[in-house]
Amino acid sequence: MADPKIRIENLYKVFGPNPERAIGLVRDGISKQDLLDEHGHVLGVRNISLDMPGQSIQVVMGLSGSGKSTLIRHINRLIEPTAGSVIVDGQNVLEMSNKELRDFRRNRASMVFQSFALMPHRTVVQNIAYGLTIQGLDDDEIKRRVARWIERIELAGYEDHYPGHLSGGMQQRVGIGRALATDADILLMDEAFSALDPLIRYDMQSVLLDLQAELKKTIMFITHDLDEALRIGDSIAILRDGEIVQQGDPQSIVLHPVDDYVADFVKDINRGKVIKVGTIMRPPTDEAEGPAVDADTLLEDVARLMANERSGWARVIEASGQVVGVVSTADVMASMVRRANNGGAAKVAQ
Amino acid sequence: MPSWLTDIPQLDRTTLVGLRRSLDQAYRSFSREFGDDIEAFFEPLLFFLVWFEKLLVNAPWWAVLIGVCLIVWALTRSWKLIAGVIVAFLLIGFFGMWEDTMRTMAIITVCTLISIVLGVPIGIVMARSNRVQMVMIPILDVMQTMPAFVYLIPVVMLLGIGKVPGVIAVVIYAIPPVIRLTNLGIRLVDKEVLEAADAFGASPWQRLVGVQVPLAMPTIMAGVNQTIMMALAMVVIAAMIGVRGLGQPVLQSITNQYFTQGLLNGLAIVALAIVFDRVSQAYGRRIQKHRRGVIHG
Ligand SMILES: Nc1ncnc2c1ncn2[C@@H]1O[C@H](COP(=O)(O)OP(=O)(O)O)[C@@H](O)[C@H]1O
Ligand SMILES: [Mg+2]
């Protein structure tokens, strides 16, 4: 396999007066609570290793305080780790000089913030231009590029407004515009949509997915909302008390949560929107009729097709047209409502 | 009963006198030694002061008034303020205080400029380092509470009486607010906005001039405003060491019990204060365009 775009290796961060001493305890597995109560240090992240392939969206999820913001800030080194390394394109971010780091932040990784963090004294245009100004481009070039982004993220007509006069959704469009304008190929989004109303949030997710289809950035996207994670993520990592407890593609997390913490996250999810028919199909039988779908089709869509055709079965086919499996209405229903793993039925019974 | 329980332990008289003598002596010889050099150092300042004062005093009154109105317009875009300025200056002229007012305006302007040029950078350094702040705060406290007469003494010993010692005394008295509020303003800048600047690779300088200073501007301007007010309050004391202007007639009135003369000159100082205050505040508001207007969803 090709080298990952971003490789995080054995990353530790301990906040407090003497992290070098405390890290020994952390390596020995002291709990976050004990570390705080008995040693006065706060565990940020513990032994995180994560490979992010290029051009895909890595979602990081976890409850508040689980270390998500701490983790993402290591990638552009807004936070210095206590131990570990962060390798981007084969280069260790932690070994960069001040100047190299500035260049890295200017040209290769940009960031979108939960509270937008726009410059209140700069207009929409000036905010989007911020990174370009920092890069030192000349005014004409900046104007040209900013105009393109204003168009692309639908802010036309608001060019000369100040951020304080815009709604949250509009402000975050500016935040995204500012991040994309630098042409960095890494995008760090720390709960970028968490402060928005559900409808606006859904809109913004669509904006992001549209942009991503075209731009193919390498994105780390942080959220504490599973629906958002499942919609956006190519891959999801779940963080608890600074540690990754599970990582994988959205489906595997919904189907096979490793523990109660993760199970708790996924229990209310609309499984029909996550599980693909390929994972629940049974071997093909000759008599099965019904709509033909490919293995990546979501159960929800399969169910809709079957209902439309009033068919009790659906056939799963390959690109060649060869039937590789079948599912019944009952299979689909069962997978959509039941927790795939242990305990689901028991919980319903209670 | 031992004596230290009834009387506070105290240096004996001769030691005390000796201490005072030797300190005074040391300072005197210091000023004899370096007085000329220090005076030479302030030569350009004196030159500028004299030039500026002459300019204001010798120019025809209407030219000065037009000039002042243009500056007020450039800073505030407010017709009301301009009308107020014209009325105030005409009244000042009408009651025969034009020339003194020009001299006072000259020295206040120079003192304010010096305070800003020195005070803002000091405030910035203070904001960047807690250690510097820890050292500076007590110094500023002393500068603001020490009676002005006390530090007039060494200034006069060093430089004699005249404009330059006057300016130095006024600046010492008036500079603390601009330093304090620059420090405060920069420390209060939103941490998240600063983090964004860092995340986009801003250098320390880009972060200072592009984010910190602009966002601290309203607070800095409040400091400048206070500095101007304090400088005006020093006008009478500065007159005691030979600074000409509205302070001198006030001093004269005290010694000769001329109540009306004192009152009129006092009112002229008040009028200047109001003009400076309103103009600097209106300017402060005007550079904060982004704070105006409604937030619509
Ligand atoms: N600068 C800091 N100093 C001390 N503790 C911190 C600091 N930043 C974060 N923490 C602590 O580290 C833990 C992880 O925080 P954070 O990464 O912000 O969590 P999340 O973004 O997942 O809510 C929390 O317990 C938080 O209190
Ligand atoms: Mg966070």
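This note goes through salt bridges, surface patches and one tryptophan in a predicted model.

1. Ground rules. The model is predicted, so local features need pLDDT of at least 70 and side-chain atom pairs count only at pLDDT 80 or more, while totals for chains, interfaces and linings use all residues. Residues are numbered from 1 along each chain as its sequence is written, chains are lettered from A and ligands numbered from 1 in the order in which they are written, and side-chain values use heavy atoms, with hydrogens and water left out.

2. Salt bridge count. Over all chains, the structure holds 26 salt bridges. The term means a side-chain nitrogen of Lys or Arg within 4 Å of a carboxyl oxygen of Asp or Glu. One network of these bridges links K5(A), D89(A), R108(A) and D185(A).

3. R145(A) and E141(A). These two form a salt bridge, with the closest N and O atoms 3.0 Å apart. Both sit in helix α7 (residues 139–152) of chain A. They are four residues apart, so about one helical turn separates them. Helices are DSSP runs of H or I with at least four residues, strands are runs of E with at least two, and both are numbered from the N terminus. R145(A) counts as buried because its relative accessibility is 16%. E141(A) is partly exposed at 22%. The cut-offs: buried is under 20% relative accessible area, exposed is over 50%, and partly exposed is in between (1.4 Å probe, protein chains only).

4. R145(A) and D183(A). R145(A) also meets D183(A) in a salt bridge, at 3.5 Å from N to O. R145(A) is in helix α7 of chain A, whereas D183(A) is in the loop between α8 (168–181) and β7 (186–190), so the pair ties together parts 38 residues apart in sequence. D183(A) is partly exposed, with a relative accessible area of 41%.

5. D259(A) and R240(A). Their side chains meet in a salt bridge, 3.5 Å from N to O. D259(A) lies in the loop between α11 (250–255) and α12 (260–266) of chain A, and R240(A) in strand β9 (residues 235–240), so parts 19 residues apart in sequence are tied together. Both partners are partly exposed: D259(A) has 23% relative accessible area, and R240(A) has 31%.

6. W313(A). This residue is found in strand β12 (residues 313–317) of chain A. W313(A) counts as partly exposed because its relative accessibility is 30%. Leaving aside residues up to four places away in sequence, W313(A) touches R282(A), A288(A), E289(A), G290(A), P291(A), M306(A), V326(A), V327(A) and S328(A). Contact here means heavy atoms within 4.5 Å. D225(A) is 88 residues from W313(A) in sequence and 34 Å away in space, C-alpha to C-alpha.

7. Nonpolar patch on chain B. W61(B), W62(B), I66(B), L70(B), I86(B) and L90(B) make a nonpolar surface patch of about 620 Å². Patches use residues with over 30% relative accessible area and no salt bridge; like charges are joined within 9 Å and nonpolar side chains (Val, Leu, Ile, Met, Phe, Trp, Tyr) within 5 Å. Areas come from the Shrake-Rupley method with a 1.4 Å probe; for residues, only the protein chains shown count as cover. α3 (61–76) and α4 (79–94) of chain B each supply at least two residues. α3(B) gives the largest share, four residues. I86(B) is in helix α4 and is partly exposed at 32% relative accessibility.

8. Negative patch on chain B. E33(B), D36(B), D37(B), E39(B) and E43(B) gather in a surface patch of negative charge. Asp and Glu count as negative and Lys and Arg as positive; His and the chain ends are not counted. Each charge is placed at NZ of Lys, CZ of Arg, CG of Asp or CD of Glu. D37(B) lies in helix α2 (residues 13–58) of chain B.
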